[in-house]
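Here are my notes on the model you sent over. Have it open next to you while you go through the points.

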Amino acid sequence: MEGLHPRFPVEDIARSHNGQSYYQAAAVCRRGHIETRYLDPGRPYPADSKCPTCGALVLVACGSCGLRIRGDYFAPGVIGFDPSPRPSFCDGCGAAHPWATREERIYELENILDEEDMDEADRVFIHDRLRELREGEVLDEKRERQLWVQIRDRSGKFISSEPVKKIAETVVSAAIRNQLGI
Ligand SMILES: [Zn+2]
Ligand SMILES: [Zn+2]
């Protein structure tokens, strides 16, 4: 059948066949309007669908790795409303979905930073600067560049790790990234 077939995690395909719990897929427009959160493996979603609310293209998979966008948690025999919001990041590769806000992307950098094996003083230093970047509505470019340079100089391998690079590409301007060498 024609249509989009988002890629499910292999173990989730097996779980769905066995009637066990797993995450269904979601279809979400580029601006973040949810069309459905209840797609099963093997059920295609119409290609080139447009959002009835805003007209944007509807996506069913991560733009980076092709994994399905995580939808509702299906549990057999359980009827209940799952209030979890649409995911802002791919649960496979960590890339930001198009509707993730700048604030959410910087929060994600802070979450990754929390997991990083590094000197505590450096961690606090970088957290402070990320917070300023997150809260500063209109930072002038000079200050923004200064903050990223300080982050780079204290961050060790944090700044060059793959998930951080992917997010940085979407929150740091190309000009500043060139200057930073990231
Ligand atoms: Zn929309
Ligand atoms: Zn992905």
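**Notes on the fold and its helix packing**

1. Let's start with H2 and H3: their axes come within 10 Å and cross at roughly 175°. (Axes here are lines fitted to C-alpha atoms, for helices over the stretch in contact, and angles run from 0 to 180 degrees between N-to-C directions.) That makes H2 roughly antiparallel to H3, a label given to angles over 145 degrees, while under 35 counts as roughly parallel, 65 to 115 as roughly perpendicular and the rest as oblique.

2. A word on provenance. This is a predicted model, in which local features need pLDDT of at least 70 and side-chain atom pairs count only at pLDDT 80 or more, whereas totals for chains, interfaces and linings use all residues. Residues are numbered from 1 along each chain as its sequence is written, with chains lettered from A and ligands numbered from 1 in the order in which they are written.

3. Who touches whom between H2 and H3? On the H2 side you'll find Glu103, Ile106, Leu109, Glu110 and Leu113, and they meet Arg123, Ile126, His127, Leu130, Leu133 and Arg134 of H3. Contact means that the C-beta atoms, placed from the backbone, lie within 7 Å. By class, this H2–H3 contact has six nonpolar residues, one polar and four charged. (Ala, Val, Leu, Ile, Met, Phe, Trp, Tyr, Cys and Pro count as nonpolar, Asp, Glu, Lys and Arg as charged, and the others, Gly among them, as polar.)

4. H2 (residues 102-115) also packs on H5 (residues 162-171), at an angle of about 155° and with the axes 10 Å apart. So H2 is roughly antiparallel to H5 as well. The contact joins Arg102, Arg105, Ile106, Glu108, Leu109 and Ile112 of H2 to Pro163, Val164, Ile167, Thr170 and Val171 of H5. Its residues split into seven nonpolar, one polar and three charged. Note that Ile106 and Leu109 are in the H2 list here and also in the one facing H3.

5. Next, H3 (residues 120-135) and H4 (residues 141-154): their axes come within 10 Å and cross at roughly 160°. H3 and H4 are therefore roughly antiparallel to each other. H3 contributes Asp122, Phe125, Ile126, Arg129, Glu132 and Leu133, while H4 brings Glu144, Leu147, Gln150, Ile151 and Arg154. That contact divides into five nonpolar, one polar and five charged residues.

6. Now the strands. S1 (residues 22-29) and S2 (residues 34-39) pair in the antiparallel sense over three bridges; pairing requires at least two bridges found by DSSP. One to look up is alanine 27, whose bridge partner in S2 is threonine 36. The two strands form a hairpin with four residues between them, and glycine 32 in the turn has a positive phi of about 105°.

7. For the overall layout, the count is six helices and four strands, running α-β-β-β-β-α-α-α-α-α from the N terminus on. (Helices are DSSP runs of H or I with at least four residues, strands are E runs of at least two, and both are numbered from the N terminus.) The C-alpha trace spans about 50 × 35 × 25 Å along its principal axes.

8. Last, the domains. The protein is divided into domain 1 (1-98) and domain 2 (102-180), with bounds from an automatic or database domain assignment. Their C-alpha centres lie 30 Å apart. Five residues of domain 1 are in contact with seven of domain 2, and the domain 1 side has three nonpolar, two polar and no charged residues.

Technical notes. Two residues are in contact if their C-beta atoms, placed from the backbone, lie within 7 Å.
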